Amino acid sequence: PLVTSKEMFEKAYNGGYAIGAFNVNNMEIVQGITEACQEEHAPVILQVSKGARAYANHTYLVKLVEAAVECCPDIPIVLHLDHGPDFETCKSCIDGGFTSVMIDASSKPFAENIEITKRVVEYAHDHGVVVEAELGTLAGIEDEVKVAAHEASYTRPEEVEEFVSKTGCDSLAIAIGTSHGAYKFKPEQCTRNEQGILVPPPLRFDVLKEVSRRLPGFPIVLHGSSSVPQEYVKMINDHGGRMPNAIGVPEEQLREAAKLSVCKINIDSDLRLAMTGTIRQFMEEHPDKFDPREYLKPARANIKELVRHKLVDVLGCAGKA
Ligand code: G3H
Ligand code: 13P
Ligand code: ZN
């Protein structure tokens, strides 16, 4: 069924696991994700960005998610707006069938972030919809907004109680060193292990723990949580792509965060890498083929296996539906 994340987050918080929030932009992505969740009995959040609505059209995305809800009767599914830029976009999704929205006013001054978030919460709660807000800024690219690494800032734990109590938001995204996209860390920030593989600096678990201490029982969200699987980076680079130094968040650290107060972990880039790597390889190996179903089928299958791996080995939410 289509649900809000309220009960999902309560169970995840108490059970020491997190729900996967995967970005959807087309039918194959929706199917790959939800087939894995149905088979693994995992609750799931399907999230739609402003860019996704511009690409695929709000109605198409809602209908695709409705189809997934019908085809996956055993699992709870949330339809969530990712990085809602303003009240109007949030309202349009609340009125248009979403069960959860994010208002991302994290780039605004503290007082303004509170004001905008509070307005969205009032409208959302009146319509049975839950709200995610954000404090702190992540580096990286989201929609057209690029945040340079030096402008990014960790969440200030001393602000979280006032923010949550004044806004009434239902979950809070925080910045502890993750970032959006496939280039999360510069090579010069990293060290090399014995195999010569780049190891990024660890996430700021001290910030996460201090936030959790101040907000007991409150669900925390991690954005920018792709791990940038090196087998897919290699598949892309081996078949005509060029993605040097693509680095993500180590999966062990996400597993650790999921055991703490992190109830929602956002993953988009890894799905893109799986899809693109698979299609690049197919195109190179089959220059004679031109039926889109022939390359979208293995792309969808690899998204499904990637999501299965996240559910079972990273998020810990398999079997929790
Ligand atoms: O936060 C960014 C997500 O990966 C969505 O990306 O805005 O390009 O759809 P997008
Ligand atoms: P990634 O780019 O790490 O997949 O992050 C996705 C995200 O945070 C969507 O809001
Ligand atoms: Zn994000």
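Guide: Apart from its neighbours within four places in sequence, A246 is in contact with A182, Y183, V228 and V233 (contact: C-beta atoms, placed from the backbone, within 7 Å). The model is a predicted one, in which local features need pLDDT of at least 70 and side-chain atom pairs count only at pLDDT 80 or more, while totals for chains, interfaces and linings use all residues. Residue numbers run from 1 along each chain as its sequence is written, with chains lettered from A and ligands numbered from 1 in the order in which they are written.

A246 sits in the loop between α9 and α10 (251-259); helices (H or I, at least four residues) and strands (E, at least two) are DSSP runs, numbered from the N terminus. With 23 other C-beta atoms within 10 Å, A246 is buried. The cut-offs for C-beta atoms placed from the backbone are these: 20 or more others within 10 Å is buried, 12 or fewer is exposed, and anything in between is partly exposed. One of the contacts of A246, A182, is 64 residues away along the chain, yet the two C-alpha atoms are separated by 5.3 Å.

V228, another of these contacts, belongs to the loop between β11 (220-222) and α9 (230-238). V228 has 21 C-beta neighbours inside 10 Å and therefore counts as buried. Its phi is near 50°, a positive value in a residue other than glycine. Most residues other than glycine have a negative phi. N57 also has a positive phi, near 90°. This residue is in the loop between α3 (50-56) and α4, and N57 counts as exposed because it has 11 C-beta neighbours inside 10 Å.

A further loop position is N25, between β1 (19-23) and α2. N25 counts as buried, with 21 C-beta neighbours inside 10 Å. Beyond the neighbours within four places in sequence, N25 is in contact with A52, Y55 and A56. N25 and Y55 are 30 residues apart along the chain, and 7.5 Å separates their C-alpha atoms.

For L172, the contacts outside four places in sequence are A133, L135, V160, V164, F218, I220 and V221.

Helix α2 (residues 27-40) packs against helix α4 (residues 58-71) at an angle of about 30°, the axes being 10 Å apart. Axes are lines fitted to C-alpha atoms, for helices over the stretch in contact, and angles run from 0 to 180 degrees between N-to-C directions. α2 and α4 are therefore roughly parallel (under 35 degrees; over 145 is roughly antiparallel, 65 to 115 roughly perpendicular and the rest oblique). M27, V30 and T34 of α2 meet L64, V65 and A68 of α4. By class, this contact has 5 nonpolar, 1 polar and no charged residues; Ala, Val, Leu, Ile, Met, Phe, Trp, Tyr, Cys and Pro count as nonpolar, Asp, Glu, Lys and Arg as charged, and the others, Gly among them, as polar.

Helix α5 (residues 87-95) and α6 pack at about 15°, with axes 10 Å apart. That makes α5 roughly parallel to α6, and α5 passes α6 in a right-handed crossing. F87, C90, K91 and I94 of α5 make the contact with I116, R119, V120, Y123 and A124 of α6. These residues divide into 7 nonpolar, no polar and 2 charged.

Helix α6 (residues 110-126) also packs with helix α7 (residues 160-167), at an angle of about 35° and with axes 8 Å apart. Here I114, T117, K118 and V121 in α6 meet F163, K166 and T167 in α7, giving 3 nonpolar, 2 polar and 2 charged residues. H125 and D270, 145 residues apart in sequence, are 32 Å apart in space, C-alpha to C-alpha.

Key
Two residues are in contact if their C-beta atoms, placed from the backbone, lie within 7 Å. A crossing is left-handed if the near helix is turned anticlockwise from the far one by less than a right angle, and right-handed if clockwise.
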